Amino acid sequence: MALSLSYAVAPKPTQSIMAMKYQSPLTTSRCRKLNRHCSYGITVLNSVAGKSAAAAAASVSCKLHESTDFAVPRRTMMALILSGFVYSHNAAIAQSVGFREYIDTFDGYSFKYPQNWIQVRGAGADIFFRDPYVLDENISVDISSPSSSNYKSVEDLGTPEEAGMKVMKQYLTEFMSTRLGVRRESSILSTSSKVGSDGRLYYEVEVNIKSYASNNELAVMPEDRVVSLEWDRRYLSVLGVENNRLYELRLQTPERSFAEEESDLREVMNSFQVNEVSV
């Protein structure tokens with residue numbers, strides 16, 4: 001005895017839009033009975049690049065069969081669904097290229113940042129964005145206090161090499177740890193000066209810092225205090241002066257990710273500008 005069944009399902013509006021920086025198309029289907037052979041067609045209208053989402057409809061037609069030739073183990077079905085989701089997710093990340101511009105007219109600076117990065121408040125910097133997937137990758141801007149600084153040019157820091165030493169020492173001061181057995185290794189990878197598109201002089205500094213720590217710092221015997229690498233990061237700074245203040249754009253990324261992210265990070269660095277603030 002054969003039974004044919006057809007029905008239409010309209011998903012809830014809250015399922016069609018996700019409150020994220022970008023949306024990726026996602027289609028799913030399932031057949032609950034192992035002995036059911038299903039042919040399905042799904043059409044989904046998603047919200048992409050600012051377009052409003054329309055109602056999504058799915059039509060499914062299933063036909064019962066007495067044979068078990070098309071029975072799919074539940075574990076296999078779940079593996080297929082999950083692998084499809086991971087592929088769609090990775091494809092969406094790969095396509096999420098592009099930048100947005102952040103402009104601070106009050107403090108006088110601007111820069112571009114990857115469009116899928118999110119702003120984090122309360123991080124201690126004037127502004128802070130980070131990659132939602134690689135949490136060690138972020139960007140921030142620090143500004144010297146207007147009451148305690150009177151910079152006329154970035155050359156007040158000395159040469160680019162001297163500025164690089166000051167930047168590295170500042171990083172090490174901020175990363176000081178009270179834990180036993182922690183050791184930090186740092187090196188200046190490069191220092192340079194450039195004239196930006198706005199005609200102002202900027203310094204660029206690149207620093208590598210590695211952190212080592214013992215997995216058992218309270219052990220009595222030295223051989224039990226094995227020290228291993230905790231993290232290995234690259235820090236890129238752009239320094240500029242305007243409004244008698246020192247501005248520093250900071251980029252942090254894991255060293256293992258730098259080669260892949262370098263072009264985007266360079267674009268962010270090149271976009272940084274300081275601007276005169278009208279009183």
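**Sheets and helices**

Mentor: β4 and strand β5 (residues 109-114) pair in the antiparallel sense over 6 bridges. Strands are DSSP runs (E, at least two residues), helices likewise (H or I, at least four), numbered from the N terminus, and two strands pair if DSSP finds at least two bridges between them. This is a predicted model, in which local features need pLDDT of at least 70, side-chain atom pairs count only at pLDDT 80 or more, and totals for chains, interfaces and linings use all residues. Residues are numbered from 1 along each chain as its sequence is written, and side-chain values use heavy atoms, without hydrogens and water.

Trainee: What is the bridge partner of phenylalanine 99 in β5?
Mentor: Proline 114.

Trainee: Which order do the 7 strands of the open sheet take?
Mentor: The order is β6-β7-β8-β12-β11-β10-β9, with antiparallel pairing. β6 (118-119) and β9 are the edge strands, each with a single partner, so one side of each has no neighbour in the sheet.

Trainee: How many bridges join β9 to β10?
Mentor: There are 12, and serine 193 stands opposite tyrosine 203 in β10.

Trainee: Turning to α2, which residues are buried there?
Mentor: Pro160, Ala163, Gly164, Val167, Met168 and Tyr171 are buried, meaning under 20% relative accessible area (1.4 Å probe, protein chains only). They cover an arc of only 135° around the axis, which puts them on the same side of α2; the arc is that of the directions from the helix axis to the C-beta atoms.

Trainee: What covers them?
Mentor: The cover includes β9 (183-195), β10 (201-214), β11 (227-242) and β12 (245-254), where contact means heavy atoms within 4.5 Å.

Definitions and conventions. Buried means under 20% relative accessible area, exposed over 50%, partly exposed in between (1.4 Å probe, protein chains only).
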